[in-house]
Structures are given as C-alpha cells and as structure tokens.
Amino acid sequence: MPALWIELGCEELPARWVEGLARQMADRTAAGLRAARLLAADAEAEVRWTPRRLVAKFAAIPAQQPGQVEELVGPPAAIAFAADGRVTKQGAGFAAKNGMPAEALYRTKTAKGEYAALRRESQGEAAATVLAAALPGWIEGMDLPKAMRWDGCGFKFVRPVRWWSVLLDGEVVAAKLGGLAAGRRTRPHPTLGGVGSGLAVEIATADEAEAALAKGFVVLDPAERRRRIIAGIEAPLAGSGRRARPDDGLLATLVNLTEWPAVVAGSFDAAFLRLPAEVLVTVMRDHQKYFAVEEATDTAPGTAKLAPQFLAVMDLDADRDGLVRHGNERVLRARFKDAEFFWQADRKRSLASRVDDLRAVTFHARLGSYFDKTQRVARLARELAEPVGADAEAAARAALLAKCDLTTELVKEFTELQGVMGGLYAQADGESEEVWQAIYDQYGDQPRTAAGAALGIADRLDTLAGLFAAGEIPTGSRDPFALRRAANAVIRICAEMGWHLMLRGLISEALATFQPNPSPDTVDALLSFFKERQERFLQEAGFGDLAAAVIAAAPDDITQQLEHAKALEHLRAQNRGAFLKVAAALKRMRNIVHKENWESEAVNPALLTAPEERRLRAAVEAIARDRGPSFPPLRELTAIADLWPILDAFFEAVRVNDPNPAIRANRLGLLAWAGRELSQVADFSQIVIPGE
Amino acid sequence: MNSSPTTLERPATARAEGAAPQPRRYFQDLLLELQRFWAQQGCAVLLPYDLEVGAGTMSPDTFLRVLGPAPCQVAYLQPSRRPTDGRYGENPNRLYKHTQLQVILKPPPADVQAVYLASLEAIGIDLKRHDIKFEEDNWESPTLGAWGLGWQVMLDGLEITQFTYFQQCGGVDLDPVSVELTYGLERIAAFLQDADSIYDIQWSPSFRYGDVRLADEQQMSAYNFEAADVGNLWKHFELYESECRALLKKNGDEAAAQDPRRPVLGAYELCLKCSHLFNLLDARGAISVTERVGVIQRVRGLAVGVARAWLAQHEDPAGR
C-alpha cells in the first residue's frame, strides 16, 4: 500500500499555534480518509511541523477504495409490488431513478416493515482521485485562530500558503488549494538552503520526503529539534558548574521557531548582576527568548544565583565567526542598559511618594483610579487581617503601595513585572519584609506572608465587587477581567492560610464602597459565582461528590468546607455502611419537610407520643449540646453516623402524617429541627448516593 | 563636529574574532543602498512626507495608496516622531525621532519574503552567517483604523523590520492586500557598524549620528516632555479637528464627492496634525487613561472619514 505525504508550506506560522494547526490538519485528514474507507479505524497520521510547514504522513493507505455494496431502500413493498408479485409503476420508477432494471428490486425487512430495495455494488475509486477532490476541503475546513488574506485566491489561512506537496508514493496528487496546485517540490530552509523562492527540493517519494528536507537544512520532526536544542544547551555548560534555568515554555517556543536549531552561548558584563534577577530573566526569557544561566548549587533549579551568561537558539547551522554571539550580546547589553536606566531613574523616588500619582491611572472607567482602589483595598486588607491575627498594619501599608509600581518606568517597559517590581522597589526603599514581600506576591496565589495573603484577598475581592457592581459579570467563555481566576485565587489563599473568613460579610463590605446600599442581587450574584469556584476547588482537592454537602453547611467559609470535606471523607472510608444509611435517612427527612414546606422547628415534648421520637430528640439534643471547640467535625460526624439505628427506628415506627394535626405539626417540627441540627458540618441530604 | 555626547559611556567596540573585515558602511550608504535595491525591484522611490508622523504608515503614500484596487509599489524614507520615546539623547538606544524605510507592495509578489531577504544581502548581511527569524507580531494602529498580520524580523536577536500583511486601513477592508515593510534604520546601522550607541553611528566620513541629531533629541525631548503648552495643544487639536470635520462634511452629490479638487488630502493633513498633537499631549502626561480611548476614537473618526472620502473620490464608474 502506498504512503501518503501531505505538506502545507507557509510563511512563518506563529509559534504558539503551529503545533495545534499541524495536529488539526492531520486529524481532519485522518477523519476524511476513514470516512472514505482509506484508513483503518485505529491508524493515525504521523504529525510533523516546523514554522513553515504542516505535515501529515500516513504510512500506508490503500491505492484504491475497497469496493462496497450498498442497499438502497425504496418505497414500502406493498407499494412497489402488486399483489401478484409484479413490480408496480412506483417500483419501476425507483429502480429507474437509480439506473437499474425493475427486475433488480427485491424485498427487504426493516424495522418499519417490508420495503423494496436495490443492491448497488460500487468499485471504489483510486485514492489519488478521492484525495484530489476531498483534501482541499479538509484543509479549508480547519478551524483557524486568526485568518488572513494575502492574494485574491479567496483562500484564507493563518499566514500565506506558498506551496504544498502531496504525494502518494511517487505520484503527485492533483489537488488544488485556492488556485495553488499540489506538487512534488518543497522548499528548503530559507537561508541555509539558499535565498530565493526559486530554490526547491524535489521529493521523489512520500517516504523520502523527510530525508530530502533534511538535506535542505530542515529538521521536520519537532522532537528531534527539541533534542538538538537540549543537547546544545547542555554542551557549553558541561563542567562549568552552571546550568540553564529550566524553562519548558521557552523550549517549546524555540522548537516552533526554528527549522534547523543550534545553540550559541553568550555572556554579559557581570556588573549587570546588580540588577534584580527578575528583571534580567524577564529581559532574557520574555524579550530575547534566551535561556538564563545560573550557578548550579544545591538549591532547586530556577532559584540559584544567576551567572553572567545566556544561551540563544538560532535557526542556523553554526556560528562560525562568532557573529551571532556578538550580535546577541550587543542586543542584550542594550536591553540591560535600558533596564538599568529605568531602575536607577525609578529609584530616585520612593514608592510611597508615588501614591498620589495613582490618581492619574485609571483602574476602570466606572470605578475610578488606582488611587481610589488603593484606599479601598488598604481598608479591606486591614479589616480582613485583624480577626485572623495577621499583621494588619503591614497589610494596609502593602495595599497602599501595591499599585505604585504602575507609575515606574520599568513597569511601563516590562508590564509583566508589575507587582514583582513594586516589591523590589519597596525592599530597596527599606519597607519591612512583611510589606515588600506582600507587594511582590500580590498577583500570585502563594503569598509568603500573612500580610501578603490579606493583600492578595482584599485586592481581588475589591476587583470582583467593583466589576460585579459595574455589571461586568463573566458569562460563558467571556471573562475579560479574569474574574474567575481572581475568585479562584481568593479561595486558594484562604484555604492555604487556614483562615476562616466570612465571605458574605466581606463581599458586602467590599461592595459597600461602590454601592452605598449593596443590592442584594449583586451580593447573591457574587456569592453564587464564588460557590461555583468553591465547587471547582473542592473537586480539584478530590472531594467532588462531597462539595455540595459541605458548601451548603458552611457557604461562607472555604477553610471550614475543606476541613469538613476531609472529615466526611474520613468517615465514609471508616464506616461506609453507616455513612450511607445516615445520608439516606437525612435525605428522607429533608424530603418530608420540603414537601410540606414546613418551617417551624417548634417541638412540644408533651406531644412526643412514640418512644422512637423521644429517643431521636434526645440524641440530636446531645449532639447540639456537645458542639463546640472541643468537638471537632469528625467527632460530630461520627456521632451523627452512630444515629442511624435511631433514625431507622423512627421511620419504621413513627407516622409523621398523623391524623391528629397537633401531633403531625409536632413531628414535622421535630424533623425540621433535627435536620438542621444534623447538617451543621455537612448537609448529608446533598450527597448523591450511588445507585440512587 | 565630532563632539561625543559626554553623558554616554563609550564601550570598547570589539569585532568578533575571526570576522571578515567589512567595508565601512555609513548610515547614508544604508539609506542609499536600500532605496536603490527597492528601485531595482520596481518601486517608485518617493519622498518623505513633510509633516510630523509617528510612522511611515501615516504618510498618505501608504495610508491612501493601500486603499482601492490600483497597484502600487513604492519605497520612501520617513523620519518618524514618537514624543514619548524621547530620552533627551541620554539613552543610547532610544530616539524621539527615528528613520524608517517604508516599502509598500500592492499586491505583494508571491516571493515577497525572499525579496526582503535579498534586500538584507544588498546591505551586506550575509544570511548564512546570521540568525534570521520571523517572529509573530501583529500590528495595529487604533488611531488609523488599521491592522495587519505579520512578523517582526529578528537578526541575531535584534528586531530590524516590521513585516505586515495589511488587512484593513481607515476601517476599510483592503483588496488587494498590501505588504508593508518597515526597516528601523538606526538599529540596522548600529548593527552593521557595531556601534553600542546610536549616537556613535558614523553617518558619513565626517559626521556621526550625534553630530547630526543629538541637539534635536535633547531639545525636542525638553519640548515634548516639559515645555509644550498643554492648553495650546488642546486648542490646536480642537481647531485642526473641527477644520478636518468641516472638510469631510458631504457637500452635494456624487459628482461633488468625485471632484478631483475636493481637498481630501487637506483633511488628511489636519488628521495627521491631530494625531501628532495627541502624541504630544500624551508625552506631557495630559491625557488620563480614561480620556485616552476617547481621544483615539476622535482621531480614528477623522482617519476613517478621510479613507472613505478618498475612495469615493477615486471610485471609477467605468470599473477600470
């Protein structure tokens, strides 16, 4: 069976999309081939790509579609055949329409009854013919992140498509894409393969294509380019006691930016090491796409002291004259000098002196300036910090200074360093460690200090409250202000710190600065937004099916939810039988109360006629009485689980719907009260019981 | 002459070991060679536009010529002013006014990338000894209602050219599409001469870049950041804006719209004035972030109006 080679040749595709595009092209082609009976269900394409080409290769596809027998079902047999078995006019018409004689009609049984049918055998077409007709459509149907036009051909793609080669073994498939005919010519590396569009590499057969490209300085396989880059990074540092800072994202980008990668090592003046490492690494990694080099000590990779060296990946075979190294060193020096200039210029003023400048920086058109935000967040951070024993002064101070780096030259230039730079400037200004670290950590979700946690939570709550008040509520995939991420971070920080924060109160407080009387709708919208995030958080923590139960019991307090979920999980593991029985009984309890819409929890002991009722009341009272700091959630849950015989006996012996309305009311009150008392740690009735 | 700005460090410029000696390529050689190259490719070499612009794109030779169906191959130098980029001549890599070579290819030839690479060879860059990458960079000018997709071309880690397939200009979808190449000439010259400061670039045998331009950078930075009168800038902005609007107002029928004397170019100059005044106000810190969007919209409104009026004026009833 012949091999199939499909290469779509483009001007440089964006590094962030090229892999996805290659996979999509291969998947769509494979699906198309399968539908055309040209690919086994379990066969896959080999997917390859470089910045300038997307390739799908199939090791073997049939040269010819297998023949096929189809049954064409026509009119019901009673219409197509007369009583004497002869074909009717309608029957003959159906046969003629399909180009077959009336005698070919036969009867076939279907689910709907007996029908007239025809059998059509088809030969199957040559794979080349099928491909020529269908392949362009598979490619044109790709879902593109951003499409462009480049000429009048009408075909749009991510970047201009300049050639394509499609070979079935040694034969070119005569497919056309927007006027561009497939051929056997591909293009070599744009500079190493010679400069000019006329230069082409001829592909003899599909199986030889990859080797032919290799001669043209193209490593088609991204895994091989990755290996080359990794080897290139390791070689110049071997034995130096230094190592490249691991950076998978950067590595992937460079694999997708090169066709023939090689590494060049450069160095910079060690005097620049006086600048914060964060700045140096940002320049090297984000702006220049270099790997930073660090002194390999026993610290974890990515944390050791930087060395005055870098590693650049070029799309070139070798830097024979040192020109590439020299050029990159020049650029880096200029960049570092810029950064140094900004750092020194910014240091002429303290962060604290910049607070007023924030009046000119808008946070959101309807929510005022960053100055306003800073004031709100400082207040909220202080209030939040006090009850949990965090340093409220430090939190408020950090909040006040947190956004000042927005006015610094360095952050205007390197926006991705916002927060981090604020922390570094605060440190240089002599702010306390608690304060500068809080500022530094404000955009992450693992603050090192309690003040940082208070700031991180307060800042995000303010943003959430403000934007919800302004009507900027995320919908579906639209979340331009990343509010989901903000809420996730609030939850994670709370849980990490083990803080019992009362969400509803905090939200109302944060909202009160935007709405004098916070509208209950906005509070509810925010709470239900948080509830979704809490569910997700608990799910990720491994408590997916218990989330609803613990959130219902403590909707305000994520730390408590987490503690309760752990206790509940423990109980389930220890005593699954009791857990399930209690859950079922409490669900039954809730259903009765809900069905009657019963609200009163009034219970008159004198009306508790059955001993089972009295026993239930006594047991629940005992649990309510024991509840307190010395009665941890697991003990309470265990006590509840131990109630199952009492609950079972109650439902066995007691009829809630007593003919005497007073007794009936008393029993409903008992259930409402007991149900609430037994749901303080977890609302068992929200637990889905398997097999229910 | 030859007075080195004392504020600058003068790093030792060491040519890489083993590098072949190259003939000195002065800044003026670079300007001449690139223009000659594109002339040989069939471009008309035009003149820089004689108003303040932030980029070669804003010259009517790009902004208006990319509109409509008429083919257009032009190249021109364009000094480009960006007030906020000024550094009083003290930063070795930043300029308030830099020099672009702008090339418009409409429609672009299918081998446009190869032709571009050949232009680098024409100025002495040996492509087999340097690392060239085309990295995604999508360009957008909100004030011009223009955007395109393309790359920044990187030479040994240095961005030397913006390479853009223009998709829209003045809010109008372009058909045919134009390729716009914008070379940053100071950067390329510094690279070719291995100068660590732009001001050290040798412009000609007798002039350094600093001799020609340092005073401009020092004084215009002072003007842009400190001296420009904010009240007057706003007044100028409003005057130019209202005059531009008045010119763009429809007066009469289709024939009037197609009148070749209708001063659409006059309106465009007023729009460019507004754009530059916006940049000056920005440099003076006189535009808050909130206002910003609104002012950009106002300039964009003018640019879109000009583009429409230009198309109406040049609409060919015969459909040629």
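This is a predicted model: local features need pLDDT of at least 70, side-chain atom pairs count only at pLDDT 80 or more; totals for chains, interfaces and linings use all residues.
Local features need pLDDT of at least 70, and side-chain atom pairs count only at pLDDT 80 or more, while totals for chains, interfaces and linings use all residues. Residues are numbered from 1 along each chain as its sequence is written, and side-chain values use heavy atoms, without hydrogens and water.

**View 1. The two domains of chain A.** An automatic or database domain assignment sets the bounds. Domain 1 of chain A spans 4-64 + 126-215, and domain 3 spans 222-346. Their centres, taken over C-alpha atoms, lie 34 Å apart.

**View 2. The buried area between domain 1 and domain 3 of chain A.** The pair buries about 1000 Å², with 58% of it on carbon and sulfur atoms. Buried area is the accessible area (1.4 Å probe) lost when two parts are put together, summed over both. A:Ala15, A:Trp49 and A:Leu192 supply 45% of what domain 1 buries here, more than any other three residues.

View 3. Two salt bridges are counted. Each needs a side-chain nitrogen of Lys or Arg within 4 Å of a carboxyl oxygen of Asp or Glu. A:Arg52 forms a salt bridge with A:Glu259; the closest N and O atoms are 3.4 Å apart.

Conventions: Chains are lettered from A and ligands numbered from 1 in the order in which they are written.
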